[in-house]
Amino acid sequence: MAGRPDAAAGPAPAPLPTGRGIELALLAFAAALVTGALVLVEANQEQELTRSLLYLGLAYLGLFAVAHFAVRKFAPYADPLILPTVALLNGLGLVMIHRIDLARLSSDPDSGSDLATRQVVWTAIGLVLFIVVLWRVRDHRVLSRYAYTAGFAGLVLLALPGLLPSSISEVNGAKLWIRIGPVGMQPGEFAKILLIVFFAAFLVQKRELFSTAGRSFLGMEFPRARDLAPLLVAWGLSVGVLVLERDLGTSLLFFGIMLVLLYTATERVSWMVIGLSFFVGGCLIAYQLFAHVRLRVLTWIDPLQPCPLDDKTFVACYDRGGYQISQALFGLGTGGLGGTGLGAGRPDLVPYAESDFMLSSLGEELGLIGLAAILVLYLVLITRGLRSALAVRDSFGKLLATGLSFTIALQVFIVIGGVSKLIPLTGLTLPFLSYGGSSLVANYALVALLLRISNAARAPLPRKPPTPHVPIAEAGTELVERPT
Amino acid sequence: MPELVLQLTRAGFLALLWLFVLAALRVVRSDLYAASGLRAMVPGGRRPARAGRGRRPRQLLVTQGALAGTRITLDSRPILIGRADDSTLVLDDDYASTRHARISLQGDDWYVEDLGSTNGTYLDRAKVTGPTRVPLGVPIRIGKTVIELRS
């Protein structure tokens, strides 16, 4: 439903509580949980328990309290659950990264592994960007004016690492980075948000085009062939990312977002059918053409396959290509129902335990019970985003909020599905939990936009003065603005 | 760390984690009721004051146009207005669309909603763009037809 009738006219309804108090209380709760987790890790790792842990917890609370007061000032009606959920996920991620640091230091004291400090810095940068976005973007509808600029910038950011020489952009076989000296970033994370802004605005403008009825087949209205061009472009883009940057996850994510936005805008199942058949086609082509895609599928089907000793080139077996996923599954299995306890497991045995395989680290130490709680946290975050999309009163805001929330949902699904061997493994980070600066900073910008939209959705309408009753015959014409 | 302490802290942390989740879900729950208008069901919530002091619309009266004088008694079902044969109020008017507007009950109030008509629906003088509350006695204009809610 487009409008919110209870605020339209008549006796004033009781104003919706802004929820800022709830937000602050939940943030304090999150800070307590994170501090507790940190204390448990230190105790289980036989580290000295000092008062500095308490200060760390207070610093974390202080950081998010600043964010909270920014929300209070710039978006006072924003959703009260989004920020605490994000804060808790981010905090648990920080504790886990610190815990993996400790494990690495104990097995190799010279490694100097200190990812946690860097992640704290990234968190601070992310929160600064969060506040800047809330401060500068006072109305999300303004963004639709910059749709084509955003689309162009997004495309450039997305394509840049693929076109740059490998020495700058390649890390572990995927060309996703721009590294200048010690500083590196993954522009694809920011491109994601820019392209959602573009696609949402584009679909609002051209919605009729996509809803034009074509031929009816199997009880579904299929669009005309010439209206397929945008979907083909999105598909080509995803395949381009796969070919140029050798990254399965990003490619999958982009196509998924475009498809869902198209479906949301037109409410036509046929787009899903067409998109999914494109997707299946793309998968088959990629499987035939790229060895790294084939490897992922083979290790997905059987990661524990023993390695042939005489054939060194065969990598889809336990000790080689399947090592990471096998170790992750062992980790999840060790965790079982209740986990080993924070700091009492061996999550560092999984390569990339701090980024792509954060889930198996958490699963090992918190168990199924803890993982389920984390999944419900993601669910709360996503449903709050989608709820804002339902409640906001303009089409652009609806599509933007849907796109942003769905990005998180799809990313969580792809990562968790990959790590738990439900779908073939693709390299993506868990939003807010995994180590990774670009991902964290970009996701804070994303959350700031979601809060902005939820603020617009929950803010009371400005009350119009009651119009005097004039008989229609005598009334003049009146220009009424049509909500877009 | 002693085994017993480890087990206790482990279980305690998981319990606290779920407590956070449940607190979040509780907020979701109260928010759902607040938005759906069922405020009376919110634990500890206040019942909204009754609007209109019992003067609730009981019928719909056509005041102008070919059907002038027609009365439709209101129950909780929505009223469809348009040229389509299955409309509640079937208009024979070149300026009305097949499915022109709908008047429906939400909570205690009636709302008019334009169903994408060509020439629009007007509540008093303002064009109806989204669901709009219809007060008693305010004319709704659809093509050449004018209707009002009466108590």
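This is a predicted model: local features need pLDDT of at least 70, side-chain atom pairs count only at pLDDT 80 or more; totals for chains, interfaces and linings use all residues.

1. Helices (H or I, at least four residues) and strands (E, at least two) are DSSP runs numbered from the N terminus. α14(A) bends by about 120° at A:Gly367, the bend being the angle between axes fitted to the seven residues ending there and the seven starting there. Of the 34 residues in α14(A), 24 are buried, which leaves the helix mostly covered. Buried means under 20% relative accessible area, exposed over 50%, and partly exposed in between (1.4 Å probe, protein chains only).

2. Residues are numbered from 1 along each chain as its sequence is written, chains are lettered from A and ligands numbered from 1 in the order in which they are written, and side-chain values use heavy atoms, with hydrogens and water left out.

3. Confidence is described by pLDDT, the predictor's confidence in each residue, from 0 to 100. Chain A averages 84, and 89% of its residues score at least 70. Residues 1–14 of chain A stay under 50, with 25 contacts in the model beyond four places in sequence; contact means heavy atoms within 4.5 Å. For chain B the mean pLDDT is 79, and 84% of residues reach 70 or more. Within chain B, residues 36–53 fall below 50, and this stretch has 14 contacts beyond near neighbours in sequence. For the complex, the predictor gives an ipTM of 0.85 and a pTM of 0.77.

4. The make-up of each chain may be set out in turn. Chain A contains 16 helices and six strands, and 50% of its 484 residues count as buried. Among contacts in chain A with a separation of 6 or more, 72% join residues 24 or more positions apart. In chain B, 38% of the 151 residues count as buried, and residues 24 or more positions apart supply 33% of the contacts with a separation of 6 or more.

5. Helix α7 (residues 187–205) and helix α15 (residues 395–419) of chain A pack at an angle of about 145°, with their axes 9 Å apart. Among the residues that meet are A:Ile193, A:Ile196 and A:Val197 in α7(A), and A:Leu399, A:Leu400 and A:Gly403 in α15(A).

6. Is A:Val34 buried or exposed? A:Val34 lies in helix α1 (residues 20–44) of chain A and counts as buried because its relative accessibility is 8%. Leaving aside residues up to four places away in sequence, A:Val34 touches A:Tyr60, A:Leu88, A:Gly91, A:Leu92 and A:Val95.

7. A:Asp311 sits in the loop between α12 (291–301) and α13 (323–335) of chain A. A:Asp311 is partly exposed, at 31% relative accessible area. Its C-alpha atom is separated by 18 Å from that of A:Arg294, 17 residues away along the chain.

Methods
Axes are lines fitted to C-alpha atoms, for helices over the stretch in contact, and angles run from 0 to 180 degrees between N-to-C directions.
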